Amino acid sequence: MNDKLHSVKAIFGRVRVKAQKWILAFILLFSTLIALATPTLAQNFNFSRFSVEGNQRIESATILSYLEFTFDEIVTAGAMNDAAQRIRETGLFESVDFEPQNANLIVRVIEFPTINQITFEGNSRVRDSELAAAVRSQSRRVYSPKQAETDTAAIAQVYADQGRINATVTPRIIQRSDNRIDLIFVIFEGGLTEVERISFVGNSAFGESRLRRVLATKQAGILRALINSDTFIADRVAFDQQVLADFYLSRGYVDFQVQNVDVSLTRERDAYLITFNIQEGQQFKFGNLSVTSEVLGADPAVFNDALRLRTGVTYSPELIERDISRLELLALRQGLNFVRIDPRVVRKDRNLTLDVEFALVNGPRIFIERIDIEGNNTTLDRVIRSRFNVIEGDPFNPRQIRETAERIRTLGYFSNVDVDTREGTSPYQVIIDLDVTEAPTGSLSFGGNFSTDNGFSLMASFKQRNFLGRGQALNFNIQTGVDNQNLSFSFTEPNLLGRDLSFGIDTNYKSTNSQNALYDTSRASLRPRLGFPISENGRLILYYAYNYTDVTHYTPSGQSSPFILADLARGGIGTNALGYGFSYDTRRTGLNPNAGVLFRFGQEFGFGDSRFAETTAELTAQSRVLSEEVTLRATIEGGLLNYTNGNSRITDRYFLGSGTMRGFEVGGIGPRDTAAEEALGGNAFAVVRLEAEFPLGLPEEYGISGGVFLDYGSVWDVGSNAGPVLYDDFTPRTIAGVSIFWKTPIGPLRFNYTEPLNVQLNDETKQFDLTVSTDF
């Protein structure tokens, strides 16, 4: 019985203990909730007065406008915190505190100081004006620490864009009176972080040296102090990816991709290593080419004849674009408006070809309401509008507008050209907005010119490609050396009467008074001209020419030449002539991007006292082979001067210099007076030049390549019976040599080392030739 009693008591005891624990836990939880709720309930306010303390420049009413609560309104602590945060976000105050005092709310603030002036210290590579353009903080404005941090990053970015990624910028403050400060950006510029190496992974069709020549980014070379493109700029590398894609796509690699670009720093953190990981894919060619029509009245056969593309040509989007432009232009000529050309490409992987169907379809009937041009502060509207093939009221063709924008860019008058379209006053009309940014178009240059033919000379020139904003070109050049003086002036109006018709005037005066020459010469010329295109790649120039020549101060070293004495006795002679020149160039617009042809042909007919006919011709063919590493070039050039009334003078005849046939002095080959052995020049010449240019295995950033050449030709026929002449008939000479090409910041240098293979006894040869031209 007692055991049962003790057992019951134990059970009740345990129950009582558990109950006490539950009661204590409940009391504790309730107390916590009350403690948490009590402050919240206690932080409700009702103010009858607001005041601001600490403000000096900012009006109290302006500060209180951010409270967003009024008198006799229940205000919670959260509302007060929000109001304080709104005042802080104005960026005008260093600190903001709210202090409730019974029914009065005191807003205590400390204003940020005003910037007295902003200066830069430690910068020598970047001008103050460039840095000031990058910062947003301004004098006589409130100082903002956040803005100062942003400005610090902006200045660092300016240096990073110039390849100085290790540049550091530290903002410092100097306290001035009246709550003003001087904001100083202390700069440590550091050194240039160059691109040490550019490499490629995945390329097989083209070597690294060829691909590196495509990129805008260059490796650092021996001329790193003068070359800016060898510094690392992220935007430039991004541009290089697009350039690579365009390069491969224009050569038929339609699946080409830049998978990624790895950019890393060297261990010393003084140079970048850039690796382009690419996937070339297969090269495709054009397969079947056809024209179909969905337009009533458009004969596909007629449009098919207008295609320039041919089956088997390496695929290129640019070639398709050209044929589309031809077909759309043909449709306009046939009175078919709103015709669009839809290129439908069918891929055939088995044959690695792309069939292209040029489908003539009806485009939307939209007209051009107007063309708005902005930003041309200097260039006249008519100059820009002359690049448009359309006017207000014409059918709208997006392709034509894109081509127009490209033509405006090629003018070289603007640093940026943006074209956009927007809906006009109706859904069937568009407004074309053209926004341009003017670029410098004039230059005043002083420099030097050196060649082994004429020696060293000083030169000064003034050039303006957009004279008075009219799109006219104006050139004035003065060149003076020990042996010769040259003065020239030219003016060109490229759009006479608002058409693709150029008008120009060329004047020139040249005199020679070499101590080594036996006579002095003076030449003056005036030539007005008209030029216009006659085909897609051909252009014709018509001109009138007045030429004045004179031979003076003949001082023979031995026996006098009867030919030169006869020319001297005739005195100064003026001639009048009409002529034309035709040029045909496919080097940039042909079907093959690696080959092209340049052909020039001209004739000049003299009238009046001197009647003559002069014919000149030049044909050059160029091709890049062996993965575009080697350039082959062949040139045939010749001239024929025929006088029907009188004889030519020594100032009229051809003298072959190193620019025409290498390995000889000026006048070093050709007819000579038998008695005096003096060069007389000839009325005819013909030269064949063959050359190859190739890499030497040196780093391409050095800009040095090699070449070999072979020249074969002659000059002959004095056309006068004043005395016996040596080599008056066609007497060919042959010269072989090697070349070193060096692209330098001061201009391209070419070194020619020649070896005569077939020359005559009296020829004057030279084994070395150097040409360089530069402005500074």
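## Strands β12 and β14

Strand β12 (residues 285–293) runs parallel to β14, and seven bridges pair the two. Strands here are DSSP runs of E with at least two residues, helices are runs of H or I with at least four residues, and both are numbered from the N terminus. Two strands count as paired if DSSP finds at least two bridges between them. Within this pair, L289 has V356 of β14 as its bridge partner.

A word on what you are looking at: this is a predicted model, in which local features need pLDDT of at least 70 and side-chain atom pairs count only at pLDDT 80 or more, while totals for chains, interfaces and linings use all residues. Residues are numbered from 1 along each chain as its sequence is written, and side-chain values use heavy atoms, with hydrogens and water left out.

## The sheet around β14

How does strand β13 run relative to β14, parallel or antiparallel? Strand β13 (residues 339–348) is antiparallel to β14, and ten bridges join them. Two places to look at are I341, whose bridge partner in β14 is L360, and R340, which stands opposite V361 of β14. The two strands form a hairpin with four residues between them, and in the turn L352 has a positive phi of about 55 degrees.

Put together, the three strands make an open sheet in the order β12-β14-β13, with mixed pairing. The edges are β12 and β13, each of which pairs on one side only. From one strand to the next, the twist averages 20 degrees. Strand β14 itself (residues 353–362) is mostly covered, with eight of its ten residues buried. Buried stands for under 20% relative accessible area, exposed for over 50%, and partly exposed for values in between, using a 1.4 Å probe and protein chains only.

Contact means heavy atoms within 4.5 Å. Axes are lines fitted to C-alpha atoms, for helices over the stretch in contact, and angles run from 0 to 180 degrees between N-to-C directions.

Helix α9 also packs against helix α11 (residues 398–410), at an angle of about 120 degrees and with the axes 11 Å apart. The two helices are therefore oblique to each other. For such labels, angles under 35 degrees count as roughly parallel, over 145 as roughly antiparallel, 65 to 115 as roughly perpendicular, and the rest as oblique. On the α9 side, E321, I324, S325, E328 and L332 meet R399, Q400 and E403 of α11. The residues of this contact divide into two nonpolar, two polar and four charged. Here Ala, Val, Leu, Ile, Met, Phe, Trp, Tyr, Cys and Pro count as nonpolar, Asp, Glu, Lys and Arg as charged, and the others, Gly among them, as polar.

## Strand β11 and its partners

Strand β9 (residues 194–201) pairs with β11 in the parallel sense over seven bridges, and E194 stands opposite A271 of β11.

Strand β10 (residues 257–265) pairs with β11 in the antiparallel sense over eight bridges. In this pairing, V261 stands opposite F276 of β11. The hairpin of β10 and β11 has five residues between the strands, and R269 there takes a positive phi near 60 degrees.

Which residues does T631 touch, leaving aside its neighbours within four places in sequence? T631 is in contact with Q622, S623, R624, E691, A692 and E693. T631 lies in strand β28 (residues 630–645) and is buried, with a relative accessible area of 14%.

L468 sits in the loop between β19 (455–467) and β20 (472–481), and its phi is near 55 degrees, a positive value in a residue other than glycine. With 58% relative accessibility, L468 counts as exposed. D717 is placed in the loop between β31 (704–716) and β32 (725–726). The phi of D717 is near 70 degrees, again positive in a residue other than glycine, and at 29% relative accessibility D717 counts as partly exposed.
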